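The sequence and structure are shown here for reference.

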Amino acid sequence: MARARHPVRQALLAALALVPLSALAEIEAAFDPASGTIAVSGLAPDAHARILADPDRLRLRVAGLDTKRPMLASFARHDGRIVVTPRFPLRAGLDYVLDLGPHRLVVALPAPEAKRPTLTAFAPAQAVIPANTLRLYLQFSEPMARGRLRETVTLLRGDGTEVNSPFLTLEAELWDPSQTRATLLLDPGRIKQGVGPNVEAGAPLDPGENYRLIVSGRMESAKGVPLGTEAAMTFRAGPAERRAIDPGSWRILTPKPGGHAPLAIAFDRIMDGAALPRRLTLQDPRDRIVRGRVTTDGGGWSLTPEDPWQFGTYRLVVDPALEDVSGNTLGAPFDADRGTIATERAPALLEIEIAAH
């Protein structure tokens, strides 16, 4: 980014070369990030009055911006300096030109230092996950660079050997809109029993095997800052989950009316935690959506309401698009037998009574 501004800065410095060197060496303009002002020092005392006497000649503008309209700012004398107070905050990383009558100064605001990213979470977070898990999620602290996952993410078995091509190769990587959560899609063709890739190469995960997912320290943020150190997550592959989702098997802990204790659900399996917040909806006895704070780790879900719980029957609406980590849905398992017809994709409704215990 700094190189792109060099031509502008060089042109400005060339213009400044017309000012006598003796005068230029004495005059300095410094930006104060605490107050957001620019202080000009080195001017002769009598120059202050001459400069401030003609405020229409005073200008503050962004360097290289082709406009005749200056930025709104006030100019005043304080402690032997001319202080420029912009109406709106100046932006870090930009160069500004300050015209004070016969003097033209460049004020360069340093760009904010880019933060070093960290890997903050891995999902599913459970120590044991189904051997036919379809998706793994990596959560980072900063927006990350695209196109780096294939070369920086490695899956190892417990004995240290690398799993060959466990993830589906896509032209575009799967990132959420904030570019902080990446989805690693394990190859469905190798997971689904009886199809070519599964027969030829086997499933990426074997039941009972330990695994280590490694993210190289070379993985970079969108601003080009690397992780710096390797990050690793360990888990064990358990039995495969090949059943359709059955909300009737969920355990629900109901709160007392009049309070704000969370309503909690314990699933019978690990669900797709990234989809849960938008796939489960709770309606109150008057069919209004219950607003509140939703938390989930894939193994459970809870809702802490904004308003107190009421007496009566609540309804939990389960979107038919809800999946567990193995891709099973309400209608059918992901790995259904060939020729199996899935049931109709319709929402599931669970009635929940809020009553005095």
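## Overall make-up

The chain contains 7 helices and 22 strands, and the coordinates come from a predicted model. Of the 357 residues in the chain, 38% are buried, and the chain exposes about 19900 Å², of which carbon and sulfur atoms supply 52%.

Among contacts in the chain with a separation of 6 or more, 65% are between residues 24 or more positions apart. Two pairs of positions illustrate such separations in sequence, namely R61 with D99, which are 38 residues apart along the chain, and G259 with Q310, which are 51 residues apart.

## The largest pocket

The largest pocket has a volume of about 420 Å³. Its lining is made up of 21 residues, and the closest to the pocket centre are L149, R150, F167, L168 and T169. At least two lining residues come from each of α4 (149-152), β11 (153-157) and β13 (181-185). Sorted by class, the lining of the largest pocket holds 12 nonpolar, 5 polar and 4 charged residues.

## The second largest pocket

The second largest pocket has a volume of about 330 Å³. It is lined by 21 residues, and those that lie nearest its centre are A123, Y137, G273, A274 and T296. Two or more lining residues are given by each of β8 (119-123), β10 (135-140) and β19 (292-296), and by class the lining of the second largest pocket divides into 13 nonpolar, 5 polar and 3 charged residues.

A123, named above as one of the residues nearest the centre of this pocket, is joined to P124 by a cis peptide bond, with omega at about 0 degrees. P124 itself lies in the loop between β8 and β9 (128-130).

## Salt bridges

Side chains of opposite charge can pair when their charged atoms come close. A search of the whole structure finds 16 salt bridges, and three of them are described here.

In one of these, R104 pairs with D99, and the closest N and O atoms are 2.7 Å apart. D99 is buried, with a relative accessible area of 11%, whereas R104 is partly exposed, with a relative accessible area of 34%. Both partners are also in contact with R61, a residue of strand β3 (residues 58-62). Leaving aside neighbours within four places in sequence, the contacts of R61 also include M71, Y96 and V97, and the C-alpha atoms of R61 and D99 are separated by 8.6 Å.

The side chains of D272 and R135 meet in a further salt bridge, at 3.4 Å from N to O. Because D272 lies in the loop between β17 (263-266) and α7 (276-279) while R135 is in strand β10, the pair ties together parts that are 137 residues apart in sequence. D272 is buried, with a relative accessible area of 7%.

E241 forms a salt bridge with R269, in which the closest N and O atoms are 3.9 Å apart. E241 lies in the loop between β15 (231-238) and β16 (251-253) and R269 in the loop between β17 and α7, so this pair ties together parts that are 28 residues apart in sequence. E241 is buried at 11% relative accessible area, and R269 is buried at 8%. Through shared partners, salt bridges join E241, R243, D268, R269 and D324 into one network.

## Loop positions and backbone angles

G259 is found in the loop between β16 and β17 and is partly exposed, with a relative accessible area of 24%. Leaving aside its neighbours within four places in sequence, G259 is in contact with P308 and W309, while its C-alpha atom is 8.5 Å from that of Q310.

Most residues other than glycine have a negative phi, and most peptide bonds are trans. Against that background, D79 has a positive phi, near 50 degrees; D79 is found in the loop between β4 (73-78) and β5 (81-86) and counts as exposed at 62% relative accessibility. D287, also not a glycine, has a positive phi of about 65 degrees. D287 is found in the loop between β18 (280-283) and β19, and is exposed, with a relative accessible area of 52%.

Note on methods. Residues numbered from 1 in each chain as written. Predicted model: local features only at pLDDT ≥ 70, side-chain atom pairs only at ≥ 80, totals over all residues. Heavy atoms only, no water. 1 Å grid on protein atoms, 1.4 Å probe; cavity = no way out; pocket = protein on both sides within 12 Å on 5 of 7 lines; lining within 4 Å. Points joined across faces, edges and corners; volume = space filled by probe spheres on them. Helix = DSSP H or I, 4+ residues; strand = E, 2+ residues; numbered from the N terminus. Nonpolar A, V, L, I, M, F, W, Y, C, P; charged D, E, K, R; others polar. Buried < 20%, exposed > 50% of the residue type's maximum accessible area, 1.4 Å probe, protein only. Contact = heavy atoms within 4.5 Å. Areas by Shrake-Rupley, 256 points an atom, 1.4 Å probe, with all protein chains shown as cover. Salt bridge = Lys/Arg side-chain N within 4 Å of Asp/Glu carboxyl O.
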